[in-house]
Structure formats: C-alpha cells, structure tokens
Amino acid sequence: MHLIDLDLTIDEMTKVEGAASVDVKIRSGVVESVKFGITEYKRFYTQAMRGKSITALPQLLARICGTCSNAHLLCSIEACEHALGITPSPQTQILKRLTMYGLNIRDHALHLYLFVAPDLRNKDNFLSFDEHDPIEHDMLHDAFAIKAAGNHLAQIVAGRSVHGMYPAIGGFTKTPTQQETQSIIKQLQEVRPRVLRLIKTFEQCDWKFDRTTKYMGMSADHYSFLEGVIISDTGQRIEEQDYHNHLEHVVIPYSQASGYKHDNECYMVGALARVNLSKEKLHPNTKKDANSAIALFPSTNIYHNNLAQAIEILHCIDDAIDLLNNTQFKQEPLPKPVFREAMGIGVVEAPRGMLYHRVHIDDNGIVMEGDIVVPTGQNQINIEQDLKTLIQRLIDNDVENKHEIQHEMEKLIRAYDPCMSCASHFLKINWIEKNNILTFSSL
Amino acid sequence: MVQEKKKLRIGWFTFSCCEDSTVLMTEILNDHWQEWAPLLDIRHARVLQKENILDSMDVAFVEGALASEEHIEKLKEIRTLATKVVAVGACACIGMPSGNRNQFDDHTQEEISFLTARFSHLPKVLKLEDVVAVDAKLPGCPMNEQQFIHLMKAMLQTFRIT
C-alpha cells in the first residue's frame, strides 16, 4: 500500500480544443476525488437563438465551435428543415456528406498529429519534430498534406472549412465546378498512402486503457455521419426525435459545461463508438486496406479512439472520391420556406460524436426556444471516471511522480478528443415560474 | 561561437470564443509551416504545446472576448509583455458573437444570472480595446486568411526576422 498524499492541479490543459482543468486529491494512497472541469466561459447560445429568424439560425449556431462548426451548421440546418417540412434533394444530401467528410479529415488529422503525435514521440509539440528523423519527417509532411486535403474538400463543397458559407436550409448556394471536383479527387488520392501510414502508426501504438461502457452512435445502411437511427452496443434503437427523452442532464458544479447520462448509464460517443457499432459498413476500399486495424474492433480500449479516427479519415477519403466521381453537380434553387409553428430536431455525427439540435419556431419563422446537446458533454462523466481509475492504477504501480501522473492523465483526456468550446457555450436550464417569481432547478 | 538566429517571439492566446481563428491558423500552417517554423519562437500557445512561457514577446495574437476579471488581468499582463498586440477575429475586435448576453432582455439576464454569478462573469462581455491598446486587428468570423498571412509577413519585416 502506497500511503502518499498528493494534490495535483492542471490549470490549463494543452493540446485540446478549448480550456479545461483537472483537480486531483489523493490521501493515504487512495484517490479521493478527481474534478474534470471545463473552464471555457459560457456564451449562452440557447438563449441567444430565441427571437432570431430561422433563416439566420444555422450560421449563428455554427459559432458555438470553430473546429466543429460545419457539424453544428449541418445539424442546425437539419433541425430547421424538419421544422419547415423541407426534404433536401439527393444532390444536397451528397453535398452534406462531402461537407462532413472534409470536416472529419481535417479535424481528426489535427487531433491525431498536432495533439496526440507529440506524446507518441515524447516531444512537447508537433512543430518541434525533427525533419532529419525519418519517422518525424514523414509525420510532419503527412500531417499538413492530409489536413490540407480535408480543408480543400470543405472549401470546395462548403465554401470554408470553418463556418462554411454555402450550406443553407434546403440546399447549397453554390456547387463544385468540374475543375474543382477533379482537383480534389486528385488531392484525396495523393494523400491516401499517407493515411494508411497513420493507421499503421496507431495500430502499432501499445497504449491501453480498457473500460466497460455503453457505446452509442448513428446507424444507417452505409457508414454515415448524417443519417440513420441511434443505436447502442446494448441493443437499443432510438429514433432521432426520441433521443433527448432518454438523456439525463447531470449538473457538474465546478464545470461550465453539462454532463449527460443515457437511461441512467454513462456512455461514450465518437469515433470509437462509431467503428465499434458500424465497422462492417465502412467503405469497401477502407475495409480492404485497413483490414488488420479494423479487426481490432469492437474495442474497449479508450486509446483506440485514436485508431478509429485514423480509420475514419480513410473512409471519408474513399467515399468522397466515389461520390465526387459519380456526381455531376448542377445548381439547384433553394426551396422557399413556408413558415408554420413547428418543432424540428437534427442529429448528426460530429467528429467527436452525436450532436443534437432542437428548434421550436412560431408561424413567422421566429425561434421561440431550442436545445443543443454536444458530444463532449456526453463523454464528460466517463472522462472523469476514467481519470480516477487511471490515477489509482498508477499509484498502485508505484508511480508517484506528479509529472508522470499528469502526463498520463493528459494522454487519456486527449484520447477522448474533447471539445471544450462546444461543451461550454450553451446552457441547459429547467425553470419554474410561480407567482411571477422565476426560480431555477436541476441545473 | 555561432550566434543563434533571431526569431520572432510570438504568443497565441484565446479568451471567450469558438476558437475558429485558432483552427484557421492551424490550417494556414498547411502551406506555411516550412517557411515559418524556422522563423518563429512560439513562447506561448496552449493549442500547440505544453511548455508555455509567459515572458517578453514581439507579437501577441489574442483571440476571443473578455468574460471575466481573470481574462482582463491576463490580457493586461500580455499587453505589458508584448511589443505588438493583435486582436484576432470578431470576438476580440468587436466582442461579438461571444457577447450575446450583452443584448439579452431583463428576463433573460435574470435567467442566466445564477451562472454568471457562480462563475464570476463580468457584467458585460468586452472586446480587447475596452481594456488595452491594440496595435492591429484581424476582423472576421473567422479572421481572413490572406490578412493573417499579410500581417505575419509585415511583423517578420518589422522585427527584421529573415
């Protein structure tokens, strides 16, 4: 028994999206408490959306998060389309899929190279990698080439990789030209071998943290970031519009973000959940060329979230090449919305997992209220539980050095790829009005 | 003894925002990392590195609006340490959209007041110029890519980094 007392604080997590802190208290060798707090200041988007025109809503809500912005944009558009009774054309659906592919290629590559790879190489930061070291040379050039391909795809299809301008309610305001299509196909084909190298890197990575949890994600007839029903590895099947009814909002007093449980259980969303649940639906070329890596799933190793992201980059490239090769894009007029009082719900698979938007509009198309549930909020309770288990295991194995413990904690948090910008910029609120006095409960 | 080549000492800081310009900066690196990496001494950039040092800088890039006293104090410290402070993105330049709550009606202000009190938010979200002098601005949501590249070249010239 290691009877150490230790207080450890990480004030500012590095190499993650947004700001987070961790406080750990260890007494007589027992981890008494771990508090994973999201320290980004709330920006109150669930209040800010009220009173806005529905046509302005998707661009407003994209501003919840820079890195996940195009996922928020498409999720809000889907919610608005459902509220207005608009069914997007098959071409629009393809453009939405391509937008999500551009986002996932760019975002996963940013996470795997700039945030995680320094831990693989025992370096402080990615830009300090040595060009004369053959492994680090390849990583540097692979990283920026893959990111550029995802960025370029998003620019061609959505106008920008951050806060895309072309996606709108009911369609896209611009479609890719043939020249743009051919140029991005070539670029995606060129980076494909680099992605296979990335998959091999994470397949060979021996980091391990096994834990039992429920995995949840969307499932369609293909490996989709947009369509389908919500399923779990425990056999549940939930329609999009019913998803929120199963969620329990959990107050975390020291965090500016909300936690969630599903049917009273902690659960995980994101690439690991998606590959665990739907690996047989990955693109045939992905399955052929990443066969040995995919065989490791379903997995309960949280670090395999990194490998799952690498596999998803390949899938996004393979399916994007097919869609671009097989579609002749033509400009389609946007449908004119007919306003009515209605509720709309959108659910998409953002890079970090399921994202839920709900909007309630009046008969002038003005937003009365809405709600947003982001992936990091859904993973937050698991992250905290896993940190506690990890630290106890380290102490039980004679690791008492603060720096080593902190390094292992940061590695594990990064494996979840949390996005604090998303998690903290809305407010879930239950309010009760009695005798004209407003009080709050269950926050 | 060979003298180490002078580099541009920079910091990249983020306050209340969606970090869209941070993401865009990492995308601009796709085309410029080989050109800039040898010229930059990144003193502080939470998104890129763990070993961050808050000391003298030629240029501090600051993204986001100010939502707390802690933000104000940190920005003032950055101002004293940096020769040039650049406001990056709409939230830093005009305080929006992070300052959504500045425009809320009384009922909505009351609704959120328990949280603004719990986490010691400022009464109003502020833009950088409300607190310190700013030497350059990169407006936009996110910032404009070409303007950032132009500014980087100008800063390298100003500080004679080759």
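Angles under 35 degrees count as roughly parallel, over 145 as roughly antiparallel, 65 to 115 as roughly perpendicular, and the rest as oblique. Axes are lines fitted to C-alpha atoms, for helices over the stretch in contact, and angles run from 0 to 180 degrees between N-to-C directions.

The model is predicted: local features need pLDDT of at least 70, side-chain atom pairs count only at pLDDT 80 or more, and totals for chains, interfaces and linings use all residues. Residues are numbered from 1 along each chain as its sequence is written, while chains are lettered from A and ligands numbered from 1 in the order in which they are written.

**Exercise 1. Classify how α4(A) and α5(A) are oriented to each other.**

Step 1. Locate the helices (DSSP runs of H or I, at least four residues; strands are runs of E, at least two; both numbered from the N terminus). α4 of chain A covers residues 90-120, and α5 of chain A covers residues 134-158.

Step 2. Take the geometry. The two axes come within 8 Å and cross at roughly 155°.

Step 3. Apply the cut-off. α4(A) and α5(A) are therefore roughly antiparallel to each other.

Step 4. α4(A) passes α5(A) in a left-handed crossing (the near helix is turned anticlockwise from the far one by less than a right angle; clockwise would be right-handed).

Step 5. List contacts (C-beta atoms, placed from the backbone, within 7 Å). α4(A) contributes residues including A:Leu95, A:Tyr101 and A:Tyr113, and α5(A) residues including A:Met139, A:Ile146 and A:Val157.

Step 6. Sort by class (Ala, Val, Leu, Ile, Met, Phe, Trp, Tyr, Cys and Pro nonpolar; Asp, Glu, Lys and Arg charged; the others, Gly among them, polar). This contact has 17 nonpolar, four polar and two charged residues.

**Exercise 2. Describe the three-stranded sheet of chain A.**

Step 1. Read the order. The open sheet runs β1-β2-β3 with antiparallel pairing (pairing takes at least two DSSP bridges between two strands).

Step 2. Find the edges. They are β1 (6-10) and β3 (30-38), each pairing on one side only. The twist averages 5° from one strand to the next.

Step 3. Inspect one pair. β2(A), residues 20-27, joins β3(A) over eight bridges. A:Arg27 has A:Val30 as its bridge partner.

Step 4. α11(A), residues 375-396, touches β2 and β3, at about 145° to β3(A). α12(A), residues 402-416, touches β1 and β2, at about 45° to β1(A).

**Exercise 3. Describe the side of chain B that touches chain A.**

Step 1. Count. 36 residues of chain B contact 37 of chain A.

Step 2. Assign elements. α1 (20-36), β4 (66-68) and α4 (106-118) of chain B each supply at least two residues. α1(B) gives the most, with nine.

Step 3. Sort by class. This side has 17 nonpolar, ten polar and nine charged residues.

Technical notes
Two residues are in contact if their C-beta atoms, placed from the backbone, lie within 7 Å.
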